[in-house]
Protein chains: 2
Amino acid sequence: MPATAVPASAPDPGTLRTRSWWGWGYADAHPDDAECVALGSLLPGTLARPLPIPRVADLAIDRPAVTPPPALAHLVTADPHARAAHAMGKAYRDVVRALRGRPGRLPDLVARPHGDRDVADLLDWAGEHGVAVIPFGGGSSVVGGVEYRGDAHRAVLSLDLTSMNRVLEIDTGSRSARIQAGALGPVLERQLRPHGLTLRHFPQSFEFSTLGGWLATRAGGHYATVHTHIDDFVQSLRVVAPAAAGASWRLPASGAGPSPDRLFLGSEGALGVITEAWMRVQERPRHKASTSVAFADFHRALDAVRALARSDLAPANCRLLDPGEAALSGASRDGSAVLVLGFESATAAVGDRLATALDLARAHGGRGTAPLPGSGAPVDAAVSAWRSAFLRMPYLRDGLARMGAVVETFETAATWDRIPALIDAVRSEVGAAALKATGHRATVNCRLTHVYPDGAAPYFTVAVPGRPGDEVEVWDDIKAAATEVLHRHRATVTHHHAVGRDHRPRYDLQRPEPFTLALRSAKQALDPHRILNPGVLLD
Amino acid sequence: MPATAVPASAPDPGTLRTRSWWGWGYADAHPDDAECVALGSLLPGTLARPLPIPRVADLAIDRPAVTPPPALAHLVTADPHARAAHAMGKAYRDVVRALRGRPGRLPDLVARPHGDRDVADLLDWAGEHGVAVIPFGGGSSVVGGVEYRGDAHRAVLSLDLTSMNRVLEIDTGSRSARIQAGALGPVLERQLRPHGLTLRHFPQSFEFSTLGGWLATRAGGHYATVHTHIDDFVQSLRVVAPAAAGASWRLPASGAGPSPDRLFLGSEGALGVITEAWMRVQERPRHKASTSVAFADFHRALDAVRALARSDLAPANCRLLDPGEAALSGASRDGSAVLVLGFESATAAVGDRLATALDLARAHGGRGTAPLPGSGAPVDAAVSAWRSAFLRMPYLRDGLARMGAVVETFETAATWDRIPALIDAVRSEVGAAALKATGHRATVNCRLTHVYPDGAAPYFTVAVPGRPGDEVEVWDDIKAAATEVLHRHRATVTHHHAVGRDHRPRYDLQRPEPFTLALRSAKQALDPHRILNPGVLLD
């Protein structure tokens with residue numbers, strides 16, 4: 001059965017809602033002032049009243065330093081709101097910079113190409129005129145991945161790919177789909193659904209990030225075990241770079257030389273613009289079951305998830321919340337750590353796998369009961385609490401930011417031999433750094449988001465009342481302490497949040513020298529004018 | 001639990017057997033003359049008597065064009081037998097070139113480094129003196145990966161890594177082991193076994209290939225589904241290149257930039273010498289079950305394996321033999337296609353998975369019965385026949401080569417939408433090319449060695465009486481037809497046999513242009529004197 005072209009369809013209703021230019025997600029989903037005050041009361045020492053929501057009209061915005069040529073003018077805007085909304089990602093430090101009226105350097109222009117030809121033409125023009133080009137998907141970077149820093153370029157163009165958002169072809173026989181890079185999560189899922197297919201890549205940013213962004217940052221997705229990153233679902237990539245453009249062949253696997261795709265996965269827009277990909281999609285799961293398991297002892301819970309990662313059970317969800325994280329999300333109220341376990345399948349009932357996993361967790365001191373087996377199993381209350389909190393969390397972070405709190409996350413991965421000491425060290429040293437920077441005792445919570453036979457990916461949340469007006473400096477001090485601990489424990493600077501500009505110093509030290517030489521020379525060959533996302537990965 | 005150093009142990013008994021310099025494996029395992037004649041009788045039109053086993057003493061061997069410096073002399077030999085044994089890999093065309101007394105250009109010297117320092121010193125010396133360096137593991141390449149062609153270098157050094165063969169450290173807690181690249185399969189497994197661990201990478205060349213060779217060629221291993229290539233078991237790589245040396249961090253996963261390891265996996269010695277790796281090892285399986293399923297209709301069998309690849313069952317073995325392949329291996333005598341199915345686990349019984357898989361196969365017209373569930377299940381006769389034939393096949397190929405037959409394999413991978421037409425086209429067009437080249441009707445058999453949700457890896461065997469004295473030319477004609485069919489169907493030039501020199505023309509056309517620029521520039525940066533395995537991957 002050959003691949004079939006997919007006709008264009010009406011835009012997703014979600015795209016009609018207004019995105020916040022300064023904070024997470026939709027503007028109408030932000031906590032209101034009263035909710036902000038309530039949130040602030042959870043962190044004594046924060047402000048009495050929320051900082052006002054910032055307005056683009058209050059920003060001092062220069063005129064663009066360049067004008068696009070007439071042939072490209074229809075793709076480009078200098079609208080102040082568009083420029084402000086493309087100035088930064090959505091890290092805590094981005095949000096507070098906006099709240100304090102000091103966003104990063106605004107791009108001079110925002111371009112919205114409709115296809116590869118447009119991308120190539122824009123790159124050609126930018127190369128000729130010394131204009132930096134920052135590929136931009138959903139703009140949800142939390143590592144300074146979509147902003148410009150410095151002044152080495154004459155002007156900055158934000159290359160917004162979201163007009164390239166179609167599922168172009170579907171090959172049901174090979175369970176694959178050709179998808180444009182600018183499709184946001186819900187936009188591509190909506191186009192796959194009529195075919196009974198799904199990409200099943202559901203990062204926390206699902207609604208506000210694009211396929212291209214996921215690929216360029218090696219995003220962590222839905223699955224807590226086995227195929228944890230988007231990388232494994234890539235069948236072929238199309239890349240447009242200043243010096244060359246082309247696509248890899250559609251292949252289920254290949255041993256012909258180093259993987260061409262793996263060099264562009266994680267290249268963060270520095271080597272080329274990913275414009276589309278053939279992705280390995282899946283049938284929609286018909287069988288699901290999930291439950292939670294409580295552990296009085298966090299270290300025994302670590303042993304349990306390690307055993308689960310080594311079993312053949314392959315849980316889709318296997319997230320371990322430490323007591324603080326469990327309490328914060330409402331998954332536990334008695335000081336227990338909570339393991340959120342979920343199984344799903346398109347082909348077979350998953351009740352047996354869940355029951356076996358539960359047995360295994362109990363053997364390590366876990367307390368939990370299996371829901372009734374079968375696809376209609378009721379969702380465990382702790383699982384439900386965790387899920388709601390998971391999706392709402394970034395909005396709450398912004399509400400707390402408005403109350404002057406410093407609230408942010410960071411994540412890593414390490415082999416099991418280092419995990420217990422690493423988590424302890426992060427708790428104590430990041431806590432100490434926060435205390436030193438603010439005079440307040442910080443909350444430092446941990447969850448394991450992804451687990452492997454040989455290690456795990458801990459994800460930390462820090463919350464502490466800030467120093468009014470110095471929030472960025474306070475966070476930078478805390479983050480410096482965090483990355484120092486990770487580095488000392490040889491834990492990666494990022495498991496799935498990418499390098500961007502924020503992680504550069506430690507990434508440079510982590511990257512092995514032979515690869516540094518290769519990456520530098522590849523950058524020079526593909527981007528000879530050095531216009532592509534300057535400052536990420538390499539200088 | 002920290003990683004523990006592993007003390008050195010006595011050499012493996014297997015290493016005391018004599019390797020054949022001209023043919024596959026151990027010299028004492030070759031078919032004798034009588035067996036060769038019996039094999040030849042299966043292919044009417046072959047010779048009446050086998051070609052004699054070639055002798056190194058009969059080769060005209062020049063004196064080495066260079067002399068190593070005194071400081072490196074203890075690592076280097078110019079022994080004619082060593083030079084002859086390192087002149088080529090073990091493809092059919094290598095074997096017949098040896099049989100006809102026309103091996104590829106012999107290396108001037110063979111070096112056996114004992115560690116990274118030795119490797120770096122040898123590369124320094126070679127770079128200064130324009131000596132090509134061909135990294136050599138077990139020498140089992142079937143794609144011209146370990147020979148020198150042309151005359152652009154003053155001399156050729158074969159860099160035999162097999163003295164670097166130790167398991168240096170084991171981290172049981174993280175189920176990982178640090179293994180030197182020159183360890184042959186049995187050598188590393190023997191060192192892992194006392195710890196209850198195994199790498200479980202069992203290519204057909206297992207006894208005669210090394211970890212470094214597997215990594216440098218992205219070898220396909222034991223598993224027919226999910227983690228099919230060695231790539232997925234790499235935690236960290238150490239690389240010594242002329243311009244830089246270093247190791248990636250040990251990480252279960254990371255999203256920090258493009259994967260540094262994936263650029264060197266598959267680099268075939270052209271970018272650097274892989275000297276060691278931390279590998280994800282496994283507990284030894286305690287539960288195994290296997291069976292075979294017969295199919296009257298090969299196309300329905302294709303549907304069955306596709307469904308199996310899309311189930312959650314993850315069979316370790318899921319190899320589909322077409323009727324010819326099944327008959328050849330003794331797995332079937334009635335013209336059926338045969339699916340060899342195997343499950344294994346270190347943690348749980350696998351009988352249920354096997355039974356479910358069997359149900360699925362039966363739903364697609366398969367005929368098979370499950371062995372008794374449990375770890376002590378008897379091995380199905382067809383499975384047993386296939387396994388024996390699998391390991392003996394390369395020896396039989398060489399026996400047939402001595403009878404003047406042309407017998408070789410090639411493999412590929414493609415998405416499911418292309419698989420049926422691809423297999424049909426290979427059968428007819430390769431058969432036609434063989435007929436044209438030899439005047440004989442060829443046997444062209446197919447098996448699927450690895451299966452994926454989005455595609456599969458077909459593996460073809462060709463056997464035809466040759467044209468005495470012109471075996472290389474005949475094979476090259478057949479191979480040209482084969483690669484032309486693969487290319488036209490957009491099937492990869494190799495799924496797990498690597499590119500080497502034989503696959504270069506089609507690989508160059510298959511590789512996307514952005515990656516070509518990156519790879520070329522990486523080569524220039526890492527190997528500025530262009531001494532590393534010249535001619536593989538790039539010129």
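Predicted model: local features only at pLDDT ≥ 70, side-chain atom pairs only at ≥ 80, totals over all residues.
**Figure 1. Contact between chain B and chain A.** The contact draws 82 residues from chain B and 82 residues from chain A. About 6400 Å² is buried between the two chains, and carbon and sulfur atoms give 61% of this area. On the side of chain B, Trp249(B), Pro252(B) and Pro258(B) supply 13% of the area buried against chain A, more than any other three residues.

Figure 2. A salt bridge joins the side chains of Arg353(A) and Asp312(B), with an N to O distance of 3.7 Å. Elements that give two or more residues to the side of chain B that touches chain A include the strands β9 (234-240), β10 (245-247) and β19 (455-465) of chain B, and the helices α8 (298-310), α14 (504-510) and α15 (513-526) of chain B. The largest share, ten residues, comes from α15(B). By class, this side of chain B has 38 nonpolar, 27 polar and 17 charged residues.

**Figure 3. The largest nonpolar core and Met279(B).** The largest nonpolar core has 98 residues, and those that touch the most other members are Leu215(A), Met279(A), Leu215(B) and Met279(B). Beyond four places in sequence, Met279(B) touches Leu199(B), Leu211(B), Leu215(B), Ile230(B), Phe233(B) and Val234(B), among others. Arg175(B), Ser176(B) and Gln235(B) are also among the residues that Met279(B) touches. A second, separate core of 69 residues includes Val293(A), Leu422(A), Ile423(A) and Val472(A). In soluble globular proteins, nonpolar side chains tend to be buried together.

**Figure 4. Helix α3 of chain B and its cover.** Helix α3 (residues 92-99) of chain B is largely enclosed by the rest of the structure, because eight of its eight residues are buried. The buried residues are Tyr92(B), Arg93(B), Asp94(B), Val95(B), Val96(B), Arg97(B), Ala98(B) and Leu99(B). Their cover includes α11 (381-402), β16 (405-411) and α13 of chain B. After α3(B) comes Gly101(B), with a positive phi near 75°.

**Figure 5. Lys479(B) in helix α13.** Lys479(B) belongs to helix α13 (residues 471-488) of chain B. The relative accessible area of Lys479(B) is 14%, under the 20% cut-off, so this lysine counts as buried. Beyond four places in sequence, Lys479(B) touches Phe410(B) and His503(B). The C-alpha atoms of Lys479(B) and Thr409(B) are 9.4 Å apart, although the two residues are separated by 70 residues along the chain.

**Figure 6. Ser332(A) in the loop between α9 and β15.** The loop that holds Ser332(A) lies between α9 (323-328) and β15 (337-345) of chain A. Ser332(A) is buried, at 7% relative accessibility. The side chain of Ser332(A) makes a polar contact with the side chain of Asp334(A) at 3.2 Å. The Ser332(A) side chain also reaches the backbone oxygen of Ser336(A) at 3.3 Å. Apart from neighbours within four places in sequence, Ser332(A) is in contact with Ala326(A), Ala327(A) and Val338(A).

**Figure 7. Ala270(A) in the loop between α7 and β11.** Ala270(A) sits in the loop between α7 (260-264) and β11 (273-280) of chain A. The relative accessible area of Ala270(A) is 3%, so this residue counts as buried. Residues that Ala270(A) touches, beyond four places in sequence, are Lys523(A), Asp527(A), Leu532(A), Asn533(A), Val536(A) and Leu537(A). Between the C-alpha atoms of Ala270(A) and Arg530(A), which are 260 residues apart along the chain, the separation is 8.6 Å.

**Figure 8. Thr198(A) in strand β8.** Thr198(A) is part of strand β8 (residues 197-198) of chain A. Thr198(A) has 0% relative accessibility and counts as buried. The side chain of Thr198(A) reaches the backbone nitrogen of Arg200(A) at 3.0 Å. Not counting residues up to four places away in sequence, Thr198(A) touches Glu189(A), Leu192(A), Val281(A), Gln282(A), Glu283(A), Arg284(A) and Pro285(A).

Conventions: Residues numbered from 1 in each chain as written. Chains lettered and ligands numbered in written order. Heavy atoms only, no water. Contact = heavy atoms within 4.5 Å. Buried area = accessible area lost by both parts, 1.4 Å probe. Salt bridge = Lys/Arg side-chain N within 4 Å of Asp/Glu carboxyl O. Helix = DSSP H or I, 4+ residues; strand = E, 2+ residues; numbered from the N terminus. Nonpolar A, V, L, I, M, F, W, Y, C, P; charged D, E, K, R; others polar. Core = buried A, V, L, I, M, F, W, Y, C linked by side-chain atoms within 4.5 Å. Buried < 20%, exposed > 50% of the residue type's maximum accessible area, 1.4 Å probe, protein only. Polar contact = N/O pair within 3.5 Å; in protein donor to acceptor, adjacent residues only side chain to side chain.
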